[in-house]
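Subject: Handover of a structure

Dear colleague,

Please find the structure below, followed by an account of what was found in it.

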Amino acid sequence: MRKSALVGWLLLAPSLVLLGGLVVFPVLYNVWLSLFDKHAFMPVQAFVGLRHYRYFASDPEFWTSFYYGSVYAGATMVLQLGVGVPAALLLNEGFRGRNLLRGVVLFPYMIPTIVAVILWKWLLNDSYGLVNHLLMGAGLVRAPVAWLGPDYIMASLIVTSVWQFFPFVVVTYLARLQTIPPELYEAATVDGASAWRRFVHVTLPQTASVLFVIVLLRSIWMFTKFDTVWLLAGDGGVSRYIRTLPVYAYARSFTYLQAGMGAALAVIMFTMLLAATAVYFRMFRRDEVFS
Amino acid sequence: MPHTPARPSRVSRRRFLAGTGAAIGAATLGRAPAVIGQQVRELQVWHTEVEPQTVKVIQDTSIAEFERKFPGFKVRQQALGWGDLNTKLLASLSAGSPPDLTHLNPFMTASLYTKNLLRPMDELIRSIGESDIHEATRKLQYFDGKYYGVTHAMGATYFCERRDLRVKKGLKVPETYDDMLKLCAALTEDGRQAFQMPGEKLYMGFVHPAEWMAGNGGSWVDAKTWRPQLNSKSMLETLDYLQKLNKFQSQGWSGQKYLDTQAALATGKIAMSYLSGARAIGYIEKYAPEGMRDPEHFMPMLRPHGPSGKVGISALDGENWAVFSQSKYPNEAFEFLRLFYKKEHYLQYCHSVPIHLTPIFTSMLNDPAYLANERIKKWKAWHEVLLAGLRGNRFLPLGFTRPEDNLLPFLAELDGSSIVADMVVEVMVGGKNPKAEADRAQKRAEELLTQLGHKRWS
């Protein structure tokens with residue numbers, strides 16, 4: 001019995017070492033770092049306890065970043081669902097060219113973020129962008145719209161992100177749709193249910209579990225999204241209007257050169273997501289969803 | 001058909017894995033002596049001159065000669081843009097493995113010097129001709145009686161204007177903020193904007209604000225107490241001017257980049273690019289309409305001054321070479337620099353981007369060998385503007401509001417913080433109240449300097 005337990009631990013050891021080294025240690029190190037006043041590249045640090053956390057509680061920049069991050073995560077998540085779910089429903093139907101379309105719809109998700117962002121920056125440029133060219137050609141606007149200026153930069157970021165990430169919703173939702181037994185739809189049709197009623201009473205309950213996961217994952221990923229946001233505005237003047245929390249954390253660490261404060265921001269984000277996830281589970285997790 | 005069972009493999013999986021492992025091991029060991037015996041030492045050189053012809057010149061001149069003189073060494077040069085260089089440098093410093101030799105922005109040098117990260121290079125400076133180095137750059141990295149850097153080349157930044165358009169309007173080069181506003185109003189017509197500013201934070205949030213402060217009698221901080229001066233009279237007057245100036249440029253400017261402004265100038269969408277240097281000549285020669293690719297149409301224009309200033313100040317673009325105290329091969333790095341500044345090498349280097357890479361040596365500024373370059377001959381008027389600016393003390397290093405700013409150890413952090421950039425964007429693009437934004441920026445800057453341990457005021 002003891003020998004088998006030892007063997008069990010030995011077999012578990014590689015996973016424990018990996019998880020410990022790659023997940024637990026960085027998180028704990030980050031928490032520890034957030035308690036110090038640490039320069040980004042100098043080996044000097046001073047223990048400050050919870051001072052950084054107290055500072056951020058009253059830091060207007062933090063709350064502005066939190067606001068922008070919430071708007072960005074919320075809007076992109078809703079729109080990804082709004083575009084992704086209907087697209088998946090469409091691709092679940094039988095029609096000519098369906099397989100090709102299923103491949104094409106994945107394209108935005110497959111290309112590197114830098115390519116997607118450069119593409120959209122080119123499309124939206126107010127000097128030579130295609131979007132303004134088309135809008136002006138159609139007589140919808142008189143002068144080029146500054147899509148990458150302060151007024152529209154958040155909208156441009158949201159559009160870019162939704163375009164890039166909605167295929168994840170499509171693929172995940174479509175996979176679940178394909179496992180719904182067709183008899184359920186046949187029975188509903190026999191009972192005289194319209195397409196809308198079949199969606200509400202058959203499709204939605206059957207796909208609730210996957211929607212739960214999609215909302216959870218996409219919310220977390222969009223709230224912590226750094227690359228798309230950074231690449232769209234970089235450290236340009238307009239970045240002020242889309243400076244989300246991950247970008248602010250990056251800036252504190254690598255441009256303000258205050259690694260301790262950057263770490264504190266990361267811990268705050270981690271805690272926020274943990275709390276939001278717990279609330280989300282409590283509100284929506286039901287046994288039948290996962291049955 | 002009868003089912004034919006698969007023929008069992010003669011080689012078991014275990015044997016296959018053992019055999020493959022042995023083969024890989026033998027191959028590795030077979031190569032090992034050669035690899036171990038080579039001992040290639042690499043001199044890491046990072047710089048900011050990314051144009052391919054400059055990279056090639058460095059490779060063919062200084063590096064080729066260095067590798068001939070030091071057979072055990074390979075020089076690995078990496079050309080990086082400003083922003084990339086800073087980020088990469090910080091990462092390498094925190095990892096404890098910076099390059100042996102690098103370009104630095106002068107505003108970063110003091111910060112690194114105060115942290116004991118740089119090596120003095122007095123011997124090198126003397127050997128390349130201390131007294132011949134132009135005074136505009138010579139002592140920028142001179143701390144506590146020692147040199148900690150040497151500028152690679154001088155390039156001025158200024159407006160690039162469509163001279164022909166201004167002359168047609170009968171207007172002179174603007175001397176003051178008011179003159180500039182009048183010029184912008186006159187040049188805005190037929191769907192053309194008067195000018196465009198680059199949207200990158202480094203420029204609109206640091207380099208230009210330093211010029212504005214310097215050209216309006218202000219400075220980043222109080223000389224004695226280091227208290228930030230972001231809500232000083234000088235800055236408030238400037239913000240007021242900027243709010244008026246903003247009407248004459250594209251409303252999407254803050255999302256566009258320096259290169260966009262050069263393209264817009266060359267293609268006639270704007271009459272002036274706010275930030276330019278002789279590098280713009282390349283754009284003009286490539287994209288401007290035929291018959292307009294000359295100094296009659298495109299000329300540099302120095303900055304105007306504000307109501308509280310006496311003379312407009314432009315930034316002098318000239319990173320300095322620096323050797324880190326953690327450098328693996330410091331002596332070789334200095335030897336490399338000696339070869340870099342060797343006249344025949346250095347001339348070729350300066351000619352790789354003519355006028356933008358102006359020699360730091362006074363004796364070379366009017367040297368026939370330097371002036372013999374075709375582009376310099378054609379664009380001599382641009383070279384003259386640079387010389388006139390140097391004579392008239394119209395230049396300060398990037399991000400400096402006064403020469404003594406080279407002693408401030410927090411300019412890199414101030415630039416990185418976005419505090420100034422946020423203020424400028426809110427006032428110019430957001431149309432917010434200058435005083436309120438300046439006060440907000442002042443508060444943030446005071447907090448930052450306090451957090452960094454540089455607070456000297458009470």
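Among contacts in chain A between residues at least 6 apart in sequence, 67% join residues at least 24 apart; two residues are in contact if their C-beta atoms, placed from the backbone, lie within 7 Å. This is a predicted model, in which local features need pLDDT of at least 70 and side-chain atom pairs count only at pLDDT 80 or more, while totals for chains, interfaces and linings use all residues. Residues are numbered from 1 along each chain as its sequence is written, and chains are lettered from A and ligands numbered from 1 in the order in which they are written.

Chain A contains 14 helices and 2 strands. Helices (H or I, at least four residues) and strands (E, at least two) are DSSP runs, numbered from the N terminus. Taken along the principal axes, the box filled by the C-alpha atoms of chain A is roughly 80 × 70 × 30 Å. Of the 291 residues in chain A, 33% are buried. A residue is buried if 20 or more other C-beta atoms lie within 10 Å of its own, exposed if 12 or fewer, and partly exposed in between, with C-beta atoms placed from the backbone.

Helix α12 (residues 245–254) of chain A is mostly covered, with 9 of its 10 residues buried. Among them are Tyr248(A), Tyr250(A) and Arg252(A). The buried residues of α12(A) pack against α3 (60–91), α11 (227–233) and α13 (259–284) of chain A.

In chain B, an open sheet of 5 strands with mixed pairing has the order β2-β1-β3-β13-β6. Two strands pair if DSSP finds at least two bridges between them. At the edges are β2 (73–79) and β6 (150–151) of chain B, each pairing on one side only. Strands β1 (residues 41–47) and β3 (residues 101–104) of chain B run parallel and are joined by 2 bridges. Trp46(B) has Thr102(B) in β3(B) as its bridge partner. Helix α13 (residues 330–340) of chain B packs on this sheet, touching β1, β2, β3 and β13 (320–322) of chain B.

The domain assignment of chain B gives domain 1 (41–154 + 318–395) and domain 2 (155–316 + 417–451); such bounds come from an automatic or database domain assignment. The C-alpha centres of these two domains of chain B lie 27 Å apart. Contacts link 21 residues of domain 1 of chain B with 16 residues of domain 2 of chain B. On the domain 1 side, α18(B) gives the most, with 5 residues.

Which residues touch the most other members of the largest nonpolar core? They are Phe336(B) and Val424(B), in a core of 182 residues. A nonpolar core is a set of buried Ala, Val, Leu, Ile, Met, Phe, Trp, Tyr and Cys residues joined through C-beta atoms within 7 Å. Its largest share, 10 residues, comes from helix α8 (residues 153–177) of chain A. Not counting residues up to four places away in sequence, Val424(B) touches Gly237(A), Met204(B), Gly205(B), Pro209(B) and Leu242(B).

Finally, a word on confidence. The mean pLDDT of chain B is 90, and 92% of its residues reach 70 or more; pLDDT is the predictor's confidence in each residue, from 0 to 100. Where pLDDT is low, the predicted coordinates should not be read in detail.

Yours sincerely

Definitions and conventions: Axes are lines fitted to C-alpha atoms, for helices over the stretch in contact, and angles run from 0 to 180 degrees between N-to-C directions.
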